[in-house]
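This briefing covers fold, sheet packing, salt bridges and model confidence for the entry shown below. Please read it alongside the coordinates.

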Amino acid sequence: MNMNMKKIAGLGMAVVLLAGMLTGCNGQKDAAASENTKQAMLGGLTFLYDDTVWVPNPEEATDTSLRFATDNNGILGASCAKEAYYQHPMGMVMVSEQLYDTYDNFVELKEPTIVTVNGRDWYEWMVQYEENGVTVKSIHRYAAENYYAYTLSYLADEAGFETNKEAALAVMDTAKLVIPDNNEAEEKAKEFLVGEWDLGTAGYLVLTEDETYTWYMDAAKDQNNMHTGTYGCDVQNESFGFVEGEGVYLVLFPEKIVVDGQEGMTGSVKYDYGIALVPTEEGAYQMINPTTLTIYEMTKQ
């Protein structure tokens, strides 16, 4: 592999590892499934690969990443992460895009598209960029559930990309994910959260038992000014610094926003909040957005 492609391969792995603090994904294990087909394991991810095409690179593998090389400077990578907050695949795409956008001649070849593999939805995304005069193309697939984030990636220089593209997709199409659920903690958190909350000047938040929400811009619950979607929750969160009984973690995944009767796009694919369980003298609970540091006063109705 030439020096340019070593740098490119390094960038590819940086992207798949960029999702956040990489912890709790365990190690890796290869086991023969047939004469030339091997099984790779990374945390809750397993996939099959042909070892006559893909050569494992254990020297550059870690507890949270796997890496395989092939001819024509092709690289196949996998990574896992356990993050501080609940994850969304589109959020992972956006983080990757911020990094790729710093490289010359960055172009999105294919916008994020949902691909279902073995019952799991992955967001597939293709890009092209230039590194030290070399044009590189890459395919990424992202999957996430609660705190866990997984990425599969294939990249190669422009001349060799098509040579192993189908072989790379064939590997990705064998992927199986088993991610620990957080159901018990979510049910406990919902005991506090489910209901209708007056947020004062910030509007009115309705959280349902089936994990959907609607945030109205005012207490009149005007359907012409609101956003709605699904939510996740937990009774503890290290990033907010509270354990069970001290606070509740809430994350909103907006699917639709309506402003003055017109549907549009929200500024983010998710919004994280921490709620202190000690009420104020007025009986309200304080909720904070760690990104904007906005504090909301919540009163249950």
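The points below are grouped by topic.

This is a predicted model, in which local features need pLDDT of at least 70 and side-chain atom pairs count only at pLDDT 80 or more, while totals for chains, interfaces and linings use all residues. Residues are numbered from 1 along each chain as its sequence is written, and side-chain values use heavy atoms, with hydrogens and water left out. The protein chain holds 4 helices and 20 strands, where helices (H or I, at least four residues) and strands (E, at least two) are DSSP runs numbered from the N terminus.

**Overall figures**

- Of the 301 residues in the protein chain, 47% are buried; buried means under 20% relative accessible area, exposed over 50%, and partly exposed in between (1.4 Å probe, protein chains only).
- The protein chain exposes about 14300 Å², and carbon and sulfur atoms supply 48% of that area; the areas come from the Shrake-Rupley method with a 1.4 Å probe, and for residues only the protein chains shown count as cover.
- Among contacts with a separation of 6 or more, 53% are between residues 24 or more positions apart; a contact means heavy atoms within 4.5 Å.

**The sheet and its helices**

- An open sheet is built from 7 strands in the order 4-5-6-10-9-8-7, with antiparallel pairing; two strands pair if DSSP finds at least two bridges between them.
- Strand 4 (55-56) and strand 7 (104-117) are the edge strands, each pairing on one side only.
- Strand 5 (residues 65-70) pairs with strand 6 (residues 74-82) in the antiparallel sense over 6 bridges, and Leu 66 stands opposite Ala 78 in strand 6.
- Helix 2 (residues 89-100) packs on the sheet and touches strand 7, strand 8 (120-131), strand 9 (134-145) and strand 10 (148-157). The direction of helix 2 makes about 155 degrees with that of strand 9.
- Helix 3 (residues 158-172) also packs on the sheet, touching strands 5, 6, 7, 8, 9 and 10, and its direction makes about 150 degrees with that of strand 10.
- For these angles, axes are lines fitted to C-alpha atoms, for helices over the stretch in contact, and the angles run from 0 to 180 degrees between N-to-C directions.

**Salt bridges**

- The whole structure contains 13 salt bridges, each being a side-chain nitrogen of Lys or Arg within 4 Å of a carboxyl oxygen of Asp or Glu.
- Arg 67 and Glu 60 form one of them, at 2.1 Å from N to O. Arg 67 counts as buried at 10% relative accessibility, whereas Glu 60 is partly exposed at 38%.
- Glu 184 and Lys 188 form another, with the closest N and O atoms 3.9 Å apart. The two residues lie 4 residues apart in helix 4 (residues 183-193), so about one helical turn separates them. Glu 184 is exposed, with a relative accessible area of 61%, and Lys 188 is partly exposed at 36%.
- Asp 272 and Lys 270 meet at 2.6 Å, N to O, and both residues are buried.

**Confidence**

- The mean pLDDT of the protein chain is 90, and 89% of its residues reach 70 or more; pLDDT is the predictor's confidence in each residue, from 0 to 100.
- Residues 1-24 have pLDDT below 50, and this stretch has 63 contacts in the model beyond near neighbours in sequence.
- Residues 26-33 stay under 50 in pLDDT, with 25 contacts beyond four places in sequence.
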